[in-house]
Amino acid sequence: MDFIRTIVAEDILTGKWNGEVITRFPPEPNGFLHVGHAKSFCLNFGIAAENEGGCCHLRFDDTNPVMEEARYVESILEDVRWMGWSWGEHLYYASDYFDQMYDYAFQLINNGLAYVCDLDAEQMREYRGTLTAPGKDSPYRNRSIEENQDLFRRMKEGEFKDGSRVLRAKIDMSSPNLNMRDPVMYRILHAEHHRTGSKWFIYPTYDWAHGLEDSIEGITHSLCTLEFENHRPLYNWYLDKLGVHHPQQIEFARLELTYTVMSKRKLLQLVEENLVMGWDDPRLPTISGMRRRGYSPESIREFCRRIGINKFNSTIDIALLEHCVREDLNKTSNRVMAVLNPLKVVIDNYPDEEEEWMDAVNNPEDPEAGTRKVPFSKVFYIEQDDFMEDPPKKFFRLAPGREVRLRYAFFVTCTDVVKDDNGQIIELRCSYDPATRGGNAPDGRKVKSTIHWVSAPHALNVEVKLYDHLFTMENPENTADGEDFKSNLNPQSLKTLSDCMVEPSLKEAKCLDRFQFERLGYFSVDSDSTNEKIVFNRTVSLRDTWAKIQKKGHKKQN
RNA sequence: UGGGGUAUUGUGUAAUGGUAGCACAAUUGAUUCUGGUUCAAUUUGUCCGGGUUCGAAUCCUGGUACCCCAACCA
């Protein structure tokens, strides 16, 4: 149990909130959700679900109309729902509280705790002081309550230009916590809001609004990330001065992952500069990207559970995410045979027009998944990597004179290698043993390897997209002088294979369907698929000990 | 530099004064009609220095390192 759940459990035991647990997930609709957000909403919805009567609100923190768009609201709703969480009746928008917040602000003005300040942004920075030096009081700090009331009302009416005035809390310009040095509560913004339209000319800042949103909704445990720890005294101040419900804020560390970036700002940059295909690019750690790539919600939730919750920055190895998705997909996805880089094979002693339908197990991890028939014929494809003319010691697959098993079919022996004028291998000739039908030899002889295959006349031609890490560096921020994170983009992160062969059972595959291509990895049908051509995304490869052996071999040679 | 946080194997995370455990990664072996899965095993750790105690990752004390804060972003 993590430290936050421990606190919640204690609070229930002591009856701190009358045993209630009300959490919330408060995204700003200024971008798509990523797996870091998943950590947060799995925590919030998770805690609510684990406690009887608990509930978790989904609230859009839409206080800055210049950054926010309705389409982001849509995507966030879809992503949270897809991840398996439901907010029930509890869908809220900060913008629904704008009137209430305005009243609260007036309350502070009436009590001499807030004032309208005419300093511009640069002047305000000068007056704020530095980390070590205290700030100076604004010359407008001691306006009369009446003048503040009048000015603030006129700010709301839209009388003043953007940036000309703000409403500030009157706290302490010499506080060692810079957030307490008379922070801005309202700024003038003549901007169209995606929900309130042109009703407002002033918008609350996050610091003013956020605590109020939690308070209005009766949140008990307000869970947020570490950087807001410094803001907690300010939220406390607002809530105490207003005398309203005061949730308990608890901070935890953001998720960081190796080989990727996790800030909405950077993701936006990649999208806007067309360095990726969009917010749902399968290489991105966005929920929509991971969905498109073939990740299951279950695997992402399991990942979020395993990484834990803490109070210090840490970077999780992306291998853990990959492990979680393999673990889930191994149990749930049906096996099929697909050849990514085809090499034609002809069996000389197999009848020309013959076709046989072999029994294949759909999922050895799940007997319920049943079996299917896979067509076999004289000409088929195998993986180029499954043949070597001059194999090293540890290579177990097909080679001249060697016998291997074709999965669910026959034992075949390579008898000849056909090459083109350039010496490239273009075809293999084999003989087969009819007695091994189904894949077992009656005499009990063994082969070192079983390889997959796809019958040529029955094959479906498809496109496959292979993905690698988006960045070449574990930490993309680790850059040479004068470069930014984009200089670490991996030019090999997407590899498109347009001439792959898959077994005919895949003809009916629908968008987002997941499969294991035997011996290769997990693949999912991409939204770019057409009636003419199915496109598959590789979600993640299978663990590949042969690749490791090869790598080691290379290292030894070099 | 003022303030607020945090330090446990390569990476993450447990242990709340009593054998430093688990997962991922790595390595080895067994099983296997997927070089997959499964199973078994191995390697590596309490930021540093003092103190209290029979006993300290945990308590005290002094250091060190890292993160956050000087947007009218969230």
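Mentor: What follows is one connected walk through the model, beginning with the surface near RNA strand B. The model is predicted, so local features need pLDDT of at least 70 and side-chain atom pairs count only at pLDDT 80 or more, while totals for chains, interfaces and linings use all residues. Residues are numbered from 1 along each chain as its sequence is written, chains are lettered from A and ligands numbered from 1 in the order in which they are written, and side-chain values use heavy atoms, with hydrogens and water left out.

There are 65 residues around RNA strand B, and those that come nearest are Asn310, Arg335, Arg397, Arg405 and Gly438; a residue is near the strand if one of its heavy atoms lies within 4 Å of it. Sorted by class, this surface holds 21 nonpolar, 21 polar and 23 charged residues, where Ala, Val, Leu, Ile, Met, Phe, Trp, Tyr, Cys and Pro count as nonpolar, Asp, Glu, Lys and Arg as charged, and the others, Gly among them, as polar. Seen from the RNA side, 65% of the atoms of RNA strand B within 4 Å of the protein belong to sugar or phosphate, and the rest to bases.

Some individual polar contacts (pairs of N or O atoms within 3.5 Å; within protein, one must be able to donate a hydrogen and the other to accept it, and residues adjacent in sequence count only if both atoms are side-chain atoms) show this in detail. An N or O atom in the side chain of Arg407 lies 2.8 Å from a sugar or linking oxygen of RNA strand B, and a polar side-chain atom of Asn330 lies 3.3 Å from a sugar or linking oxygen. At Lys394, by contrast, a polar backbone atom is 2.8 Å from a base nitrogen.

Among the elements, helix 5 (121-128), strand 6 (184-188), helix 11 (297-307), helix 12 (318-332) and helix 13 (545-557) each give two or more residues to this surface; helices (H or I, at least four residues) and strands (E, at least two) are DSSP runs, numbered from the N terminus. Helix 13 supplies the largest share, five residues. Helix 5 can be followed from end to end: at its start, a side-chain oxygen of Asp120 reaches to within 3.1 Å of the backbone nitrogen of Glu122, and after it comes Gly129, whose phi is positive, near 80 degrees.

Arg335, named above among the residues that come nearest to RNA strand B, leads us to strand 12 (residues 334-336), which runs parallel to strand 25 (residues 514-517) and is joined to it by three bridges; two strands pair if DSSP finds at least two bridges between them. Here Val336 stands opposite Phe517. On strand 25 there is also an antiparallel pairing, with strand 26 (residues 521-525), over four bridges, in which Phe515 stands opposite Phe523. The hairpin of these two strands has three residues between them, and Arg519 takes a positive phi near 70 degrees.

A second open sheet has three strands in the order 1-2-3, with parallel pairing. Its edge strands are strand 1 (22-25) and strand 3 (91-93), each of which pairs on one side only. Strand 2 (residues 55-60) is joined to strand 3 by three bridges, and Phe60 has Tyr93 as its bridge partner.

Finally, helix 4 (residues 98-110) packs against helix 8 (residues 232-242) at an angle of about 80 degrees, with their axes 10 Å apart; axes are lines fitted to C-alpha atoms, for helices over the stretch in contact, and angles run from 0 to 180 degrees between N-to-C directions. This angle makes helix 4 roughly perpendicular to helix 8, a label given to angles of 65 to 115 degrees, whereas those under 35 count as roughly parallel, those over 145 as roughly antiparallel and the rest as oblique. The contact (heavy atoms within 4.5 Å) is made by Tyr104, Gln107 and Leu108 of helix 4 with Trp237, Tyr238, Lys241 and Leu242 of helix 8. By class, these residues are five nonpolar, one polar and one charged.
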